Amino acid sequence: MFRTEMMDINMGPQHPATHGVLRLKLLLDGETVTDTDVIIGYLHRGVEKLCETKNYHMIEPYTDRLDYVAAMYENLGYVETVEKLMGVKVPERAEYIRVITAELQRIASHLVWLGTHALDIGAMTVFFYCFREREIILDLFEAFCGARLTYNAYRIGGLPWDLPPGWTDRARHFVKIFPERQKEYDTLLTKNRIWLGRTKGVGILRAEDAIDFGVTGPCLRSAGVDYDLRKAHPYSVYDRFQFDVPVTYNCDTYDRYLIRMEEMRQSTRIVEQALDHLPAGEVMAKVPKRIKPPAGEVYHTVEGPRGELGFYIVSQGEDKPYRMRFRSPSFVNLQALPHMIRGSLVADVVAVIGTLDIVLGDVDR
């Protein structure tokens with residue numbers, strides 16, 4: 001006698017496709033996913049509460065450990081939030097250098113995403129190509145701040161040091177060669193029928209659902225919503241640069257691939273303009289060694305590679321924040337996963353996790 005029954009399968013918490021410690025409890029009808037329970041918390045460190053015991057200067061290294069694939073943005077969001085609370089004016093040269101390093105970080109982060117996403121789906125060569133270019137960016141970061149992953153690169157009020165001699169020439173060399181290198185990824189993937197078969201029509205997330213879940217970043221823009229904080233609420237000196245916000249309308253994994261590919265091109269444009277107009281001058285404002293912002297509260301956001309990255313600080317006029325809260329795009333975007341894979345084949349779960357581009361250090365905090 002033939003019979004069928006629903007089956008519970010655990011994917012993770014240790015699984016190469018989850019890109020961290022994430023457990024999915026999948027309810028399967030044959031090979032079709034009917035429901036998903038997302039279980040997180042394996043990397044919880046209590047960072048927000050820990051920050052409330054540290055003075056403002058000591059907190060920045062902890063932000064490195066949130067989204068460690070794009071730590072520059074965590075640094076940037078935090079120092080800009082404190083500067084907003086204090087009313088500090090950052091020197092113009094420091095703002096330009098922040099934009100250059102942040103956009104290079106966006107490219108490096110998208111290269112990690114593209115290489116690992118392609119590897120998950122079976123395209124190994126792209127992984128090696130992406131990490132080849134990422135190494136050039138990490139060399140630039142190492143020359144700038146002495147680190148390749150957790151940077152602690154900025155300071156409240158500006159930068160700890162200026163760019164080293166020859167750094168801008170090396171950055172110019174990268175923006176010159178990168179467009180040709182990116183064409184190699186295009187050649188390997190964009191019209192590859194296996195890539196198209198594994199990504200087109202997979203992991204649909206429509207605009208109304210994305211907004212309901214609070215999804216931001218490339219996942220939101222692939223659903224046709226033209227929202228990028230660098231344009232919608234410009235911060236730093238982003239309003240001085242010409243760049244486009246890519247938007248697509250098919251809402252699937254393939255569109256999210258196209259969005260991030262175009263974002264790397266636009267970041268290259270921004271870096272090129274910032275290098276051309278990099279002003280001379282100081283890189284650090286006058287900030288006291290012991291920072292005691294006035295009593296009040298502030299919320300500030302930046303557009304990270306994964307979406308809206310927010311910092312909320314409550315000050316009581318002391319040298320430590322009374323309350324800190326982070327808005328993590330990985331945590332918010334992950335909420336959409338069960339909706340995106342319901343009714344899909346179990347093999348598509350890997351593709352959809354990859355397209356969300358989550359970082360578990362950012363999810364669990």
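User: Why are helices H5 and H6 called roughly antiparallel to each other?

Analyst: In this predicted model, the axes of H5 (residues 124-145) and H6 (residues 167-189) cross at roughly 165 degrees. Angles over 145 count as roughly antiparallel, under 35 as roughly parallel, 65 to 115 as roughly perpendicular and the rest as oblique. H5 and H6 are therefore roughly antiparallel. The axes also come within 10 Å. They are lines fitted to C-alpha atoms, for helices over the stretch in contact, with angles from 0 to 180 degrees between N-to-C directions.

User: What makes Tyr96 and Phe241 an edge-to-face pair?

Analyst: Rings of Phe, Tyr and Trp (its six-membered ring) pair if their centres lie within 6.5 Å; planes under 30 degrees apart are stacked, over 60 edge-to-face, the rest tilted. The centres of Tyr96 and Phe241 are 5.6 Å apart and their planes stand at 80 degrees, so the pair is edge-to-face. Tyr96 lies in helix H4 and Phe241 in the loop between helices H10 and H11, so the pair ties together parts 145 residues apart in sequence. Helices are DSSP runs (H or I, at least four residues), as are strands (E, at least two), numbered from the N terminus.

User: Are Tyr96 and Phe241 buried or exposed?

Analyst: Both are buried. That term means under 20% relative accessible area; exposed is over 50%, and partly exposed is in between (1.4 Å probe, protein chains only).

User: What makes Arg98 a charge over the ring of Tyr154?

Analyst: The rule asks for NZ of Lys or CZ of Arg within 6 Å of the ring centre and within 35 degrees of the ring normal. Arg98 lies over the face of Tyr154, at 5.6 Å from the ring centre. Arg365 does likewise over Phe331, at 5.4 Å.

User: How do you know that E6 and E7 pair?

Analyst: Two strands pair if DSSP finds at least two bridges between them. Nine bridges join E6 (residues 296-304) to E7 (residues 307-315), and the strands run antiparallel. They form a hairpin with two residues between them.

User: What makes E6 and E8 edge strands?

Analyst: The open sheet has the order E6-E7-E8. E6 and E8 (323-327) each pair on one side only. E7 and E8 pair in the antiparallel sense over five bridges.

User: Which conventions apply here?

Analyst: Residues are numbered from 1 along each chain as its sequence is written, and side-chain values use heavy atoms, without hydrogens and water. Local features need pLDDT of at least 70, side-chain atom pairs count only at pLDDT 80 or more, and totals for chains, interfaces and linings use all residues.
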